[in-house]
Amino acid sequence: MRVHAFAKINLSLRVLGRRPDGYHELRTVFQSLALHDTLTIRRERGPFRFTCDDPSCPAGPSNLVWRAAARVWRAAGKRGAPRDVRIHLSKRIPLEAGLGGGSSDAAAAIRALGRLWRVDSPRQRAIGAALGADVAYFFEGGTVLGLERGDLLVPLPDRPPAWVVLVVPAFGVRTAEAFAWFDERAPRTGARSAGGRERHLSSRNDLEPPVIERHPVVGRLLGALRRAGAQTAAMTGSGSTVFGLFSRRTEAMDAAAALLGRGRRSIVTRTIDRKACRRLAGN
Ligand code: C5P
C-alpha cells in the first residue's frame, strides 16, 4: 500500500499567548501543498521495520512514524511492539523546515495502519493529536484555520490555487527553539501583550522576527521573494523555509532560479485544495 503525506505552509501565524501547558495559543491558517512524501507499507513477517531514503531523517523508534505505529498497534488491542509490517518513507519534504513533514508522515502512517489493524477514524485522530500539535491538520487538508495549539481546526473555503516557491536554507529551525526565542523577546510582558498589535501587525508570521534575529538570511530571502514578484512572502511555521505565492508558473520558476544559492534549495510546487488532498492522500 502506498500513501502520500502532503506538506503544508502557514499562510499566517499569530502567537496570541502562552498556555499553562507550555504550548502557545495560536491563530494560524494552514494550506496544503502538492509537495509530498510517500510511504510504502508492506506486510512482512517479523519485527516492525522502518526505513527512509534520506540519511538525515532519523529512522529509529523516535521517528513520529515509528511512534505512530506503536500507538495504533496498541489501540488495536495488540500486545508488545508492532510487527509484521514494513514501512519505507520516501522523503521529499525538507526536515526542520516548517513544512510539517514529520507530522504529515505520522498522520499518513496512522491512517494506513489504522485501516490495516482496524482502528477507527476517531481513534486515529486521537492518536495523531497526542503525537504533535499540527498532526491534526493533516487529517483535514486544504485551507484551514488552526486555533488553540493549532489543533482546533475550522475548515475555510479553499483558497484560490497558487504556485508556491519554497526557499529552504541550509539550516533548519526546531519548533520548540523558535517558540523559546519568541518568548525571550517578550519575557516579562508575556507573549499576548508584547506580541500584540504594535510590534507584529505588519508580520504575517509572529515567529519571523525572533528567527530573523538569529538567522538574518531569512529576512533577506523574504525581501528577495517580494522583489521577484511574489504576491505574498512569509516564513512558514517556525522556519527555516520561506515561501512566495505566484499566480503564474513561469514567474514561480524564474523566482526559484533567482533565489538559488549557497547551500539553499528552492522548490516550486502548488497549493492543493481539500478534495485533491484527500484524493491524493488515499482517503
Ligand atoms: O506539538 P509538537 O511536538 O509538534 O510541538 C513542538 C514544540 O513546539 C512544543 O514542544 C512547543 O515547545 C512548541 N509549540 C508551542 N505551541 C504550539 C505548538 C508547538 O509552543 N502551539
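I took a disulfide to be a pair of cysteine sulfur atoms within 2.5 Å. By that cut-off I found 0 disulfides in the structure. Cys52 is in none, and its nearest cysteine sulfur, that of Cys57, is 3.6 Å away.

Note on the source: this is a predicted model, where local features need pLDDT of at least 70, side-chain atom pairs count only at pLDDT 80 or more, and totals for chains, interfaces and linings use all residues. Residues are numbered from 1 along each chain as its sequence is written, and side-chain values use heavy atoms, with hydrogens and water left out.

Are Cys52 and Cys277 buried or exposed? I call a residue buried under 20% relative accessible area and exposed over 50%, partly exposed in between (1.4 Å probe, protein chains only). Cys52 comes out buried at 17%, and Cys277 is buried at 9%.

Next, the ligand. Its shell (residues with a heavy atom within 4 Å) includes Gly22, Tyr23, His24, Arg149 and Phe179. Helix 4 (175-185) and strand 2 (24-47) each supply at least two shell residues; helix 4 gives the largest share, 3 residues. I read helices (H or I, at least four residues) and strands (E, at least two) as DSSP runs, numbered from the N terminus.

Which atoms of the ligand do Tyr23 and His24 face? Polar side-chain atoms of both lie by a ligand oxygen, Tyr23 at 2.9 Å and His24 at 2.7 Å. Arg149 instead puts a backbone N or O atom 3.0 Å from a ligand nitrogen. Taken alone the ligand exposes 460 Å² (Shrake-Rupley, 1.4 Å probe), and the protein buries 74% of that.

Notes: Polar contact = N/O pair within 3.5 Å; in protein donor to acceptor, adjacent residues only side chain to side chain.
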